Amino acid sequence: MTYCVGLLLKEGMVCLSDTRTNAGLDNISTYRKMFHFEQPGERVITVMTAGSLSITQTTLARLREAIDDPDATEDTSIMLAPTMLKVASIIGRMLCAVRLEIDEKLATMKQAATASMIVAGQRKGGAMRLFLIYPEGNFIEATEDTPFLQIGEHKYGKPILDRVVKPDTPLADAEKAVLLSMDSTLRSNLSVGMPLDLAVIRRDECAVSRQRRIEAGDPAFRAMSDAWSRALRDGFTQITLGT
């Protein structure tokens with residue numbers, strides 16, 4: 001299982017993913033789920049993945065092949081696409097094609113596989129955009145009313161985002177929000193695990209402005225988690241029920 005979250009704010013975008021992959025009780029591994037494609041100053045694209053590794057890794061490999069293809073066009077390469085909408089369309093089409101191909105192979109064993117992705121990015125002169133791409137290749141986009149998107153085991157980390165995140169939330173507060181959202185998920189679901197990958201993309205920089213890998217036992221993350229637990233306990237004890 002996985003938990004990935006992306007925020008679209010006035011100041012920029014914040015992305016966070018875990019790295020745990022669970023293929024059974026005795027087969028737990030660490031795999032990166034956040035990937036960056038950038039031409040600094042011109043365009044930046046961040047992709048986060050959830051679901052079958054065979055689907056997500058094949059999709060990413062084919063996207064890279066399309067980028068490196070000497071005959072690449074605006075319709076095949078996410079690094080040549082004229083808009084982020086076109087980027088989302090290319091990725092969605094590739095994800096769907098790979099899923100159908102792998103599903104066909106698994107059908108003989110009466111199994112199926114699925115995957116989804118979050119795509120965040122900006123091209124020079126264009127707007128920042130954030131998409132959630134479904135296994136079928138269709139997608140939805142973050143808006144001012146819903147400035148965040150999640151994939152994977154998202155239910156535990158959603159309440160704090162609903163309460164805190166607004167389009168004008170500062171990036172520093174947004175980082176705190178996604179980390180606390182992840183902390184809630186880590187505490188409630190063992191299939192999500194560290195290390196974590198955090199990335200910040202500032203508006204109009206068209207590059208990954210900051211990256212951070214948070215390892216298990218990271219003192220800053222642990223201190224934040226402990227402080228949040230204390231704040232919740234203190235808040236709970238202060239609330240009284242009316243008669």
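Me: Before we start, what does "buried" mean here?

Reply: Buried means under 20% relative accessible area, exposed means over 50%, and partly exposed is in between. Keep in mind that this is a predicted model.

Me: Okay, so why is phenylalanine 131 called buried or exposed, whichever it is?

Reply: Phenylalanine 131 has 1% relative accessibility. The cut-off for buried is under 20%, so phenylalanine 131 counts as buried.

Me: And what makes phenylalanine 139 buried, exposed or partly exposed?

Reply: Its relative accessible area is 27%. Buried would need under 20% and exposed over 50%, so phenylalanine 139 is partly exposed.

Me: How many aromatic pairs turn up in the whole structure?

Reply: A search of the whole structure finds one. The partners are phenylalanine 131 and phenylalanine 139.

Me: What kind of pair do those two rings make, and how do you know?

Reply: A pair of aromatic rings is described by the distance of the centres and the angle of the planes. For phenylalanine 131 and phenylalanine 139, the centres are 5.4 Å apart and the planes sit at 80°. Rings pair if their centres lie within 6.5 Å, and planes over 60 degrees apart count as edge-to-face. So this pair is edge-to-face.

Me: Let's go to the loop between strand 11 and strand 12 (210-214). What stands out about the phi of aspartate 204?

Reply: Aspartate 204, which is in that loop, has a positive phi of about 70° although it is not a glycine.

Me: Is aspartate 204 buried or exposed, and what makes you say that?

Reply: Its relative accessible area is 55%. Exposed means over 50%, so aspartate 204 is exposed.

Me: What about cysteine 206, buried or exposed?

Reply: Cysteine 206 is also placed in the loop between strand 11 and strand 12, and its phi is positive too, near 50°. Its relative accessible area is 2%. That falls under the 20% cut-off, so cysteine 206 is buried.

Me: Which peptide bond is cis?

Reply: The one from methionine 194 to proline 195, with omega near 5°. Proline 195 is found in the loop between helix 4 (171-188) and strand 11 (196-202).

Me: Where is leucine 95, and why is it called buried?

Reply: Leucine 95 is in helix 2. Its relative accessible area is 0%, and buried only needs under 20%, so leucine 95 is buried. Leaving aside neighbours within four places in sequence, leucine 95 is in contact with residues including Ile55, Thr59, Met117 and Tyr134.

Me: What makes threonine 2 count as buried?

Reply: Threonine 2 lies in the segment before strand 1 (3-8). Its relative accessibility is 5%, which is under 20%, so threonine 2 counts as buried.

Me: How do you know that the side chains of threonine 2 and lysine 33 make a polar contact?

Reply: The distance for this side-chain contact is 2.9 Å, and the limit for a pair of N or O atoms is 3.5 Å. So threonine 2 and lysine 33 make a polar contact.

Me: Last one: which residues have the most contacts inside the largest nonpolar core?

Reply: That core has 26 residues, and those with the most contacts inside it are Phe37, Ile45, Val47, Ile78, Val87, Ile91 and Val119. Helix 2 (84-106) is one of the elements giving two or more residues, and helix 2 gives the most, with ten.

Conventions:
Residues are numbered from 1 along each chain as its sequence is written. Side-chain values use heavy atoms; hydrogens and water are left out. A nonpolar core is a set of buried Ala, Val, Leu, Ile, Met, Phe, Trp, Tyr and Cys residues joined through side-chain atoms within 4.5 Å. Buried means under 20% relative accessible area, exposed over 50%, partly exposed in between (1.4 Å probe, protein chains only). Helices (H or I, at least four residues) and strands (E, at least two) are DSSP runs, numbered from the N terminus. Rings of Phe, Tyr and Trp (its six-membered ring) pair if their centres lie within 6.5 Å; planes under 30 degrees apart count as stacked, over 60 as edge-to-face and the rest as tilted. Contact means heavy atoms within 4.5 Å. A polar contact is a pair of N or O atoms within 3.5 Å; within protein, one must be able to donate a hydrogen and the other to accept it, and residues adjacent in sequence count only if both atoms are side-chain atoms.
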